[in-house]
Amino acid sequence: MSRGRARPWTHVVEAMAGVSARPGRLVLTMVGEALGLAALVATVSLAGTASGQVADHFDRAAADRVTVQPEESRAERGAVLPADAEERIRSLEGVETAGTLTRLEVDDPARTVPVVDPQAPPDPTLPVLAASPGLLDAVDAEISGRRYDAGHVARADPVALLGAAAARRLGITDLAHGPAVFVGDRALTVVGIIDAVDARGELVDSIVVPESTAARLFGWQGAQSLQVEVAPGAAETIARQAPLAITPTDPGALLASAPPTDTTLRERVQGDVSSLLVLLGIVTLVAGGVGIANIMLLSVMERVGEIGLRRALGATRGDLMTQFLVESATVGLLGGVVGTSLGFGTSMLVALARDWAPVLDARLLAAPLAGLVIGVLAGAFPAWRAGSLEPAEALRTL
Amino acid sequence: MTAAGAPAVVELEGVGRTFGGNPPVDVLRDVDLTVTEGEFLAIVGPSGSGKSTLLNVLGLLDSPTAGHYRLAGIDTTTAGERRRAGLRAARLGFVFQAFQLLPHLTVLENASLGGLYLGLSGRERALRAERLLDRVGLAHRRRARPATLSGGERQRVAIARALVAGPSLLLADEPTGNLDTASAASVLELFEELHAEGTTILMITHDPGVAARASRGVRIVDGRLSA
Ligand SMILES: Nc1ncnc2c1ncn2[C@@H]1O[C@H](COP(=O)(O)OP(=O)(O)OP(=O)(O)O)[C@@H](O)[C@H]1O
Ligand SMILES: [Mg+2]
């Protein structure tokens, strides 16, 4: 019948009664914590949603490319890549295609007729690039007409590809009659037009010639950079291995760079978008926890009579500490549930308004538990106070 | 009055209570007191004489600094905090001058708090509380909040609460201190009836008129008892 001490659920029942007895205060107590958690949940799930969108828009093709060039200070002194750089990098596991590219020092204007017409507007000076045949593959160049082939390269034929923009500036629209372009007094036969590339956008604005031709006509002495197309996800590994593969005796001579991968990009976007909001959320959350502690302490002080009564009814210090701790934990948990719902609701609304597919991070469902923990931490001191009150003092006429 | 040879509920032997401080205050000095089962005892004394201190000691809310206190034959002086809490729950019922009802609970819920820390089930406590509210004449107000009751009604609810656990001793500190004459009379009448039914009651008051309603009176002056 009687156990001589409180039943196991007594503290929970009494705590619920205590919490629900003052609904207005309950709302006030948990509002800070709920807002803090709501901000955190919304920020984290919106950052996830937003970076999901960014990743979608992000050009996946660009993620699988690596460029290699001489280290900066050496490049300034005119250093070029070793002649076998392209061959060496192709031997690496994960490299699909590779090619070299060099911007040539050319000041001569480009024209389509051999003689200068003094009446015509001045001819444009177009960039001239030397590219190995592999480069055209490595940038996934879309070419109308032909590309130059091994024969052209071997003979150092005066052939060229025109970038689509360069062709427009020169007024070349079709390749039917083997148009020629003059760079200064050097005549080049246009074999094809580069309509689009996935990397190295400057190709579209330029006159592109084989390296052997460049060596013969423009004084090319070596490639300035190596463009590599790699298997998906291999970019960072290849970038790490490339310098050693190309110049094993002096890997420091080269600089290999991979574009930011999906995950690093995601992290950066997430970081930029939300670090401030996360900080704000944490500050609000801490303030919320302090708020709970304050109001719980106030509640203990207000309920000194009740505490004395319960001690007189046979409650131990532990009974009262447990009751107040459960009250605080309950407030914390409720605030956690409310805050999480608010946060999810907000991020859903924002995602909806922006026409984003909402990304719901299931881990955020643990947020109410964070609320519970905050409630317990905030309630620790007030609960200790409730337990440490002397019953005789507590019952002295108020 | 008390049947000769009735067992003692309270036995105080040379009890003293000194409050530390500078200088220390001897609030209770060498108190000997025996209360036997079924007695209705009043302790009367002027303000500051140590009445509440004595009641706190008797109620195991405070410990004497000298002497021995046996409650229902159990030596409480050596008992630890849990044991003392258990004795309060099982053996003692408290009635306070300020009632100490919880304002957000109904009359029935307030009365049902008795026995909570004894481990009685909620159903059992409610059952007993209903019976006791009927006994103190407040069955019809069981759904009311304390704020809507008169002072005398509130004190009767508190008395019902104190009796739920079936205590060996009812301790009342100035139970009529906050009441008008009519309400005070109703509470004292209830005490007399409970006494007639065999309840052991120890009541503290500074009012000799109130003390006269008890079956025995003891005076306390400056922390010393005299018959
Ligand atoms: N914790 C304490 N520390 C120091 N002195 C105390 C303490 N508690 C009570 N006293 C002193 O002990 C004396 C008796 O106090 P007590 O409350 O027992 O008196 P009382 O008889 O109940 O008076 P009243 O009729 O006014 O309620 C008073 O002088 C009081 O100041
Ligand atoms: Mg007093």
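**Notebook: cores, rings and voids**

I looked up B:L12 in this predicted model and found that B:L12 touches B:V31, B:D32, B:L33, B:L54, B:L58, B:H68 and B:Y69, leaving out residues up to four places away in sequence; contact means heavy atoms within 4.5 Å. Residues are numbered from 1 along each chain as its sequence is written, and chains are lettered from A in the order in which they are written. Local features need pLDDT of at least 70, side-chain atom pairs count only at pLDDT 80 or more, and totals for chains, interfaces and linings use all residues, while side-chain values use heavy atoms, without hydrogens and water.

**Cores.** I next listed the nonpolar cores (buried Ala, Val, Leu, Ile, Met, Phe, Trp, Tyr and Cys residues joined through side-chain atoms within 4.5 Å; buried is under 20% relative accessible area with a 1.4 Å probe, protein chains only). The largest has 63 residues, and B:V10, B:L12, B:I43 and B:L202 have the most contacts inside it. A second, separate core has 40 residues, including A:L101, A:L129, A:L162 and A:V209.

**Aromatic pairs.** My search of the whole structure gave three pairs over all chains, with ring centres of Phe, Tyr and Trp (its six-membered ring) within 6.5 Å; planes under 30 degrees apart are stacked, over 60 edge-to-face, the rest tilted. B:F40 and B:F191 are edge-to-face, at 6.0 Å centre to centre and 70 degrees between the planes. B:F40 is in strand β3 (residues 40-44) of chain B and B:F191 in helix α6 (residues 181-196) of chain B, so the pair ties together parts 151 residues apart in sequence. Helices (H or I, at least four residues) and strands (E, at least two) are DSSP runs, numbered from the N terminus. I noted B:F40 and B:F191 as both buried. B:F94 and B:F96 are stacked, at 5.9 Å and 10 degrees, and both are buried.

**Voids.** On a 1 Å grid over the protein atoms alone, a cavity is a set of points where a 1.4 Å probe fits but cannot get out; a pocket is an open set with protein on both sides within 12 Å along at least five of seven lines, and lining residues have an atom within 4 Å of a point. Volume is the space filled by probe spheres set on the points, which are joined across faces, edges and corners. The largest cavity holds about 120 Å³, and its lining includes A:G18, A:R22, A:M296 and A:E327. I put the largest pocket at about 790 Å³. Of its 36 lining residues, A:A392, A:R396, B:S52, B:T53 and B:N56 are closest to the centre. α1(B) gives the most to this lining, with five residues.

Notes. Buried means under 20% relative accessible area, exposed over 50%, partly exposed in between (1.4 Å probe, protein chains only).
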